[in-house]
Amino acid sequence: SSNIALPCLGCHALENNSIPNIKGLNYEYFIEAFKAYKNNKRNHYVMQIIAKGYSDSQIRLMATYFEALDDN
């Protein structure tokens with residue numbers, strides 16, 4: 001799952017950035033938010049495009065990966 005998640009870390013793992021850090025993000029919240037982008041129910045043009053490229057099983061794998069990824 002880390003291979004499909006690596007592109008996300010380019011923007012979402014940076015500190016002191018306006019883009020949210022998603023390391024350690026709750027599994028259910030990740031899935032809900034990602035699917036909202038995928039279904040155009042959450043507004044962010046780039047994330048809507050990116051989300052459409054992932055299957056539901058890939059989204060679950062990424063949710064597992066990011067929830068377990070913690071800097072502490």
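Are Phe-30 and Phe-34 buried or exposed? Both Phe-30 and Phe-34 are buried. The points below set this pair in its surroundings; the model under discussion is a predicted one.

1. Overall architecture. The protein contains 4 helices and 0 strands, and from one end of the sequence to the other the pattern reads α-α-α-α. The radius of gyration is 11 Å, close to the 11 Å that the globule rule gives for 72 residues, so the protein is as compact as a globular protein of that length. Of the 72 residues, 29% are buried.

2. The pair within helix α2. Phe-30 and Phe-34 belong to helix α2, which covers residues 27-38. The two are 4 residues apart, about one turn of the helix. Their rings form a stacked aromatic pair, with 5.4 Å from centre to centre and 15 degrees between the planes.

3. The contact from Phe-34 to Tyr-54. The ring centres of Phe-34 and Tyr-54 are 5.5 Å apart and the planes stand at 80 degrees, so this pair is edge-to-face. Phe-34 lies in helix α2, whereas Tyr-54 lies in the loop between α3 (45-51) and α4 (56-68), so the pair ties together parts that are 20 residues apart in sequence. Phe-34 and Tyr-54 are both buried.

4. The aromatic cluster. The structure holds 4 aromatic pairs. One aromatic cluster is formed by Phe-30, Phe-34, Tyr-54, Tyr-65 and Phe-66. The stacked pair of Phe-30 and Phe-34 and the edge-to-face pair of Phe-34 and Tyr-54 therefore involve members of this cluster.

5. The general principle is brief: side chains of opposite charge can pair when their charged atoms come close. The count here comes to 2 salt bridges. In one of them the side chains of Lys-35 and Asp-56 meet, at 3.9 Å from N to O. That pair links distant parts of the chain, with Lys-35 in helix α2 and Asp-56 in helix α4, 21 residues apart. Asp-56 also forms a salt bridge with Lys-38, whose closest N and O atoms are 3.9 Å apart. This second pair again links distant parts of the chain, from Asp-56 in helix α4 to Lys-38 in helix α2, 18 residues apart.

6. Lys-35, Lys-38 and Asp-56 are linked in a network of salt bridges. How exposed is Lys-35? Lys-35 is partly exposed, at a relative accessible area of 29%. Asp-56 is likewise partly exposed, at 34%, and Lys-38 counts as partly exposed at 22% relative accessibility.

7. The cysteines. How many disulfides does the structure hold? The number is 0. Cys-8 takes part in no disulfide, and the nearest cysteine sulfur, that of Cys-11, is 9.0 Å away.

8. A nonpolar surface patch. Which residues make the nonpolar surface patch? Tyr-45, Val-46, Ile-49 and Ile-50 make this patch, of about 410 Å². Ile-50 is found in helix α3 and is partly exposed, with a relative accessible area of 36%.

9. A backbone detail in a loop. Asn-40 has a phi near 60 degrees, a positive value in a residue other than glycine. Where does Asn-40 lie? Asn-40 is in the loop between α2 and α3. The relative accessible area of Asn-40 is 47%, and this residue is partly exposed.

How values were computed:
Residues numbered from 1 in each chain as written. Predicted model: local features only at pLDDT ≥ 70, side-chain atom pairs only at ≥ 80, totals over all residues. Heavy atoms only, no water. Disulfide = S-S within 2.5 Å. Phe/Tyr/Trp six-rings, centres within 6.5 Å; stacked < 30°, edge-to-face > 60°. Buried < 20%, exposed > 50% of the residue type's maximum accessible area, 1.4 Å probe, protein only. Patch = residues over 30% accessible without salt bridge, like charges linked within 9 Å, V, L, I, M, F, W, Y side chains within 5 Å. Areas by Shrake-Rupley, 256 points an atom, 1.4 Å probe, with all protein chains shown as cover. Salt bridge = Lys/Arg side-chain N within 4 Å of Asp/Glu carboxyl O. Rg over C-alpha atoms; globule rule 2.2 N^0.38 Å.
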